[in-house]
Amino acid sequence: MNTEFAPRGVWRIVAAREIAVKLRDRNFLVSTVVTIVAIVASLAITGFMSNRTDEIDVAVVGTGADQILDTANGLAASQDEKVTFTARPQPDVAAVEQRVRDDEVQVGLVSAEPGGWRLIGNSAQNDDAATYLTAAAQQLAMQRNAAASGLNLEQLGRGGAVTYDLLDKSAVDPGLARVASIVFAFLFYTASILFGMGIAQSVVEEKQNRVVEILASAIPLRQLLIGKVLGNTVMAFAQLALFVGAGLIGLAATGRGDQVTTIAGAAGWFIVFFVVGFLALASFWAVAGALATRSEDLQSTAMPMSMLIMIVLFAGIFLTDTWRVIASYVPVVSIVAMPARLAEGAAAWWEPIVALILMGVGTYGTVLVAEKIYRRSLMQTQGRLTMRQALAVED
């Protein structure tokens, strides 16, 4: 069949076949379900741990220790901290130290002269105990001293109240934004490797089994490439949407529903950036397969793509401040850098639009180059090619 007269929309058939192959791939389906379950489970565990009350046993000696623990519990409750202190009375200081040394209690509280208290830990300081027990002891001491002076605690502290107002009521918790940026980076890495390597292996298998010669006689190679790229991009988009959706639902279920809107916006931009950028990545994954002659060659021909994806992964995790701002405008790297900045609330509304335009321009140029290399190397079966060798081949 003369490919010159082949239907221009034949790429749709190739794309449909790529999607059907993925949907019949048991490993792909199982890995997708397992990942969704892992996302939901990790968020459920995180939510459980964050809502779990930390119970601290305190070995105590001295009159007034129980009152300090009661006051400390009240202070922690007023700050919505999930921590409670339980007194474990002991006969003397030596017994307190032994209970702490044996890790039977987290901390000890003993009276110290003149009129103070001493906290005892084993090998590390318990921050909650240091904060709330110290504050409770100081508050009780102030009450006694105020009473001795004929004042009450309110009069003694008059003029010292401090409130903390946030101007940006929609600000995202920095810890949550940091986690979101890391998740974006790993989702990019996982999807790029999974679908990219699948494209490369599909191309090299067709080439190794001579199937590509039959396809080339019926389908223009450009249409074959378009179909493979778009089919796998659709599946990558669907899988990422499932992962992101599961994450947002889990986030809302953990009691952070007030921050879901901002994270959801960043996640939506991440999917858009990924789809546009993956068109370029997928094209060069196809090139990696076309340059190879055997499956064993893929380790070499796919090395540049693997290195690029690793660079983007590390950039998404480790870049901060000015470097992250610069990276958010660099095509491919912006897939993770710009959504990370959006999750932090550090990007203006127009910045992702500009970055996406730059990504689109870069993707268009990349696809044109990749299509030329793919077309010139796919029918070369005499051995593994480099990109330079493939570009030197005549059409």
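**Reading helix packing and salt bridges**

Modeller: Let's start with a pair of helices: α9 and helix α15 (residues 351–377) pack at an angle of about 120°, and their axes are 10 Å apart. Keep in mind that this is a predicted model.

Colleague: What describes two packed helices in general?

Modeller: Two numbers do it: the angle between the axes and the distance between the axes. Here α9 and α15 come out as oblique to each other, and their crossing is right-handed.

Colleague: Which residues make the contact of α9 with α15?

Modeller: From α9 you have Leu-221, Arg-222, Leu-224, Leu-225 and Lys-228, and from α15 Glu-371, Tyr-374 and Arg-375. Sorted by class, that contact has four nonpolar, four charged and no polar residues.

Colleague: And at what angle do α1 and α9 pack?

Modeller: Helix α1 (residues 11–24) meets helix α9 (residues 221–253) at about 40°, with the axes 7 Å apart. These two helices are oblique to each other as well, and α1 passes α9 in a right-handed crossing. On the α1 side the contact includes Trp-11, Val-14 and Glu-18, while Lys-228 and Met-235 are among the α9 residues. The residues of this contact divide into ten nonpolar, four polar and three charged.

Colleague: Lys-228 keeps turning up. How should I read charged side chains like that?

Modeller: The general idea is that side chains of opposite charge can pair when their charged atoms come close. In this structure there are twelve salt bridges. One of them joins Lys-228 to Glu-206, with the closest N and O atoms 3.1 Å apart. Lys-228 sits in α9 and Glu-206 in α7, so the pair ties together parts that are 22 residues apart in sequence.

Colleague: Are Lys-228 and Glu-206 buried or exposed?

Modeller: Both are buried. Glu-206 counts as buried because its relative accessibility is 9%, and the cut-off is under 20%.

Colleague: Which residues do salt bridges with shared partners join into one network?

Modeller: Arg-17, Glu-18, Glu-206 and Lys-228. For another salt bridge, look at Asp-297 and Arg-294, at 3.6 Å from N to O. Asp-297 counts as buried at 7% relative accessibility, whereas Arg-294 is partly exposed at 44%.

Terms used. Residues numbered from 1 in each chain as written. Predicted model: local features only at pLDDT ≥ 70, side-chain atom pairs only at ≥ 80, totals over all residues. Heavy atoms only, no water. Axes fitted to C-alpha atoms, helices over the stretch in contact; angles between N-to-C directions. Helix = DSSP H or I, 4+ residues; strand = E, 2+ residues; numbered from the N terminus. Parallel < 35°, antiparallel > 145°, perpendicular 65-115°, else oblique. Left-handed = near helix turned anticlockwise from the far one by under 90°. Contact = heavy atoms within 4.5 Å. Nonpolar A, V, L, I, M, F, W, Y, C, P; charged D, E, K, R; others polar. Salt bridge = Lys/Arg side-chain N within 4 Å of Asp/Glu carboxyl O. Buried < 20%, exposed > 50% of the residue type's maximum accessible area, 1.4 Å probe, protein only.
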